[in-house]
2 protein chains.
Amino acid sequence: MDDHIAAVPLEKAYRLINHGPTVLVSAQHEGVTDVMAAAWACALDFSPPKVTVVLDKITRTRGLVEHSGVFVIQVPTVGQLKLTSDVGSMSLFDTADKLAQCGVELFSLPGHDLPFVAGCSAWLACKLLHEPHNQTTYDLFIGEVVGAWADTRVFRDGHWHFETASPDLRSLHYIAGGHFYAIGEALSVDPKDAT
Amino acid sequence: MDDHIAAVPLEKAYRLINHGPTVLVSAQHEGVTDVMAAAWACALDFSPPKVTVVLDKITRTRGLVEHSGVFVIQVPTVGQLKLTSDVGSMSLFDTADKLAQCGVELFSLPGHDLPFVAGCSAWLACKLLHEPHNQTTYDLFIGEVVGAWADTRVFRDGHWHFETASPDLRSLHYIAGGHFYAIGEALSVDPKDAT
């Protein structure tokens with residue numbers, strides 16, 4: 001396990017995707033592993049933490065999630081801009097060596113038989129909560145987060161530190177047609193006294 | 001209608017929230033209007049465009065959405081940082097003049113009997129798709145987008161232009177505890193030939 005990777009308490013796992021980054025979704029089943037990009041992933045609950053992610057029927061990853069019942073949501077970085085775009089535009093159905101062509105390196109984390117993508121800034125190990133109606137009608141999958149980790153150079157003590165970390169570690173936010181934005185300036189406000 | 005506001009074609013409406021901004025959700029019913037902040041909103045489909053949004057049972061907005069069957073998802077700006085934090089921390093259940101205290105100004109758009117929040121950069125008029133299981137179990141609401149508009153100073157020709165617009169028009173991305181990030185630098189990549 002990389003020196004920079006540390007576990008994140010589950011009750012703070014939602015913070016890893018609360019700012020709406022484009023994520024990578026990875027899964028494996030019977031020796032097949034795929035990684036895709038997803039702009040449509042979102043926190044759903046704090047405790048236990050849950051997430052939603054849209055997995056189109058044309059993706060190979062979707063079948064792997066359906067069959068294995070587990071998947072990883074991870075937050076790619078500005079340094080992985082091309083990798084993120086490439087895994088989002090190529091399909092394992094057409095290109096058997098997609099992951100090698102895209103430069104994806106996988107690693108393991110203790111206690112989870114899942115393919116984690118190296119070089120990301122945060123990882124959420126998820127267990128699929130079967131909701132056949134949502135999956136069939138909306139391509140909408142719900143996962144319970146059962147493990148969370150982050151790169152301590154950019155997320156520690158329960159907070160992102162994009163403003164002081166390397167710009168290469170910023171999160172990516174996809175629009176369309178190869179156009180992304182990196183996350184930007186930190187802003188703080190004192191919450192109003194709710195009286 | 002403000003000179004800077006223009007309709008966005010429905011097939012491009014997803015782009016208004018594809019980068020994962022924190023949004024404001026507004027709704028009205030029988031003379032009651034509320035506006036809340038939501039970090040957990042996400043695109044769900046392209047055509048017809050759909051969105052998901054998590055509306056907690058403690059919010060007044062949720063009941064207004066359930067009863068009226070319609071709501072607005074809008075994208076607040078850096079210039080609305082305090083307003084966004086304030087509408088997210090105060091409740092109309094406790095504070096009858098919440099909207100006035102938060103400095104919310106509402107306006108109308110033709111053909112939609114909905115409360116649009118002035119000063120935002122984009123607006124999605126949504127029709128609730130009733131999914132009682134999702135609403136009850138997960139606080140998860142699905143809306144079909146039936147109208148979309150944007151401030152042409154920062155979104156036009158189907159694309160955001162944060163990099164050339166006023167920094168005050170950038171989107172907000174909430175983490176926790178009053179900590180937000182603004183959207184940042186534009187990045188582009190040529191999609192890989194998917195062969």
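**Chains A and B and the interface between them**

In the UniProt record, an unreviewed entry, residues 15-157 of chain A carry the annotation "domain: Flavin reductase like". The coordinates discussed here are a predicted model.

On the chain B side, 58 residues are in contact with chain A, and 58 residues of chain A take part in return. Together the chains bury about 5200 Å² between them, with carbon and sulfur atoms giving 61% of that area. The side of chain B that touches chain A draws two or more residues from each of several elements: the helices α2 (81-89) and α4 (132-138), and the strands β4 (41-46), β5 (49-54), β10 (140-151), β12 (159-160), β13 (172-176) and β14 (179-188). Of these, β14(B) supplies the largest share, 10 residues. Sorted by class, this side of chain B holds 31 nonpolar, 18 polar and 9 charged residues.

Strand β14 also links the chains through strand pairing. Residues 179-188 of chain A form β14, which pairs with β14(B) in the antiparallel sense over 7 bridges. One position in this pairing places A:A186 opposite B:Y181.

What does the count of polar contacts and salt bridges give for this interface? Between chain B and chain A there are 29 residue pairs in polar contact, both residues being at pLDDT 80 or more. The rule for salt bridges finds 0 across the interface of chain B and chain A.

Key
Residues numbered from 1 in each chain as written. Chains lettered and ligands numbered in written order. Predicted model: local features only at pLDDT ≥ 70, side-chain atom pairs only at ≥ 80, totals over all residues. Heavy atoms only, no water. Contact = heavy atoms within 4.5 Å. Buried area = accessible area lost by both parts, 1.4 Å probe. Salt bridge = Lys/Arg side-chain N within 4 Å of Asp/Glu carboxyl O. Polar contact = N/O pair within 3.5 Å; in protein donor to acceptor, adjacent residues only side chain to side chain. Helix = DSSP H or I, 4+ residues; strand = E, 2+ residues; numbered from the N terminus. Nonpolar A, V, L, I, M, F, W, Y, C, P; charged D, E, K, R; others polar. Pairing = 2+ DSSP bridges. UniProt positions renumbered as here; feature names shortened; annotations may be inferred.
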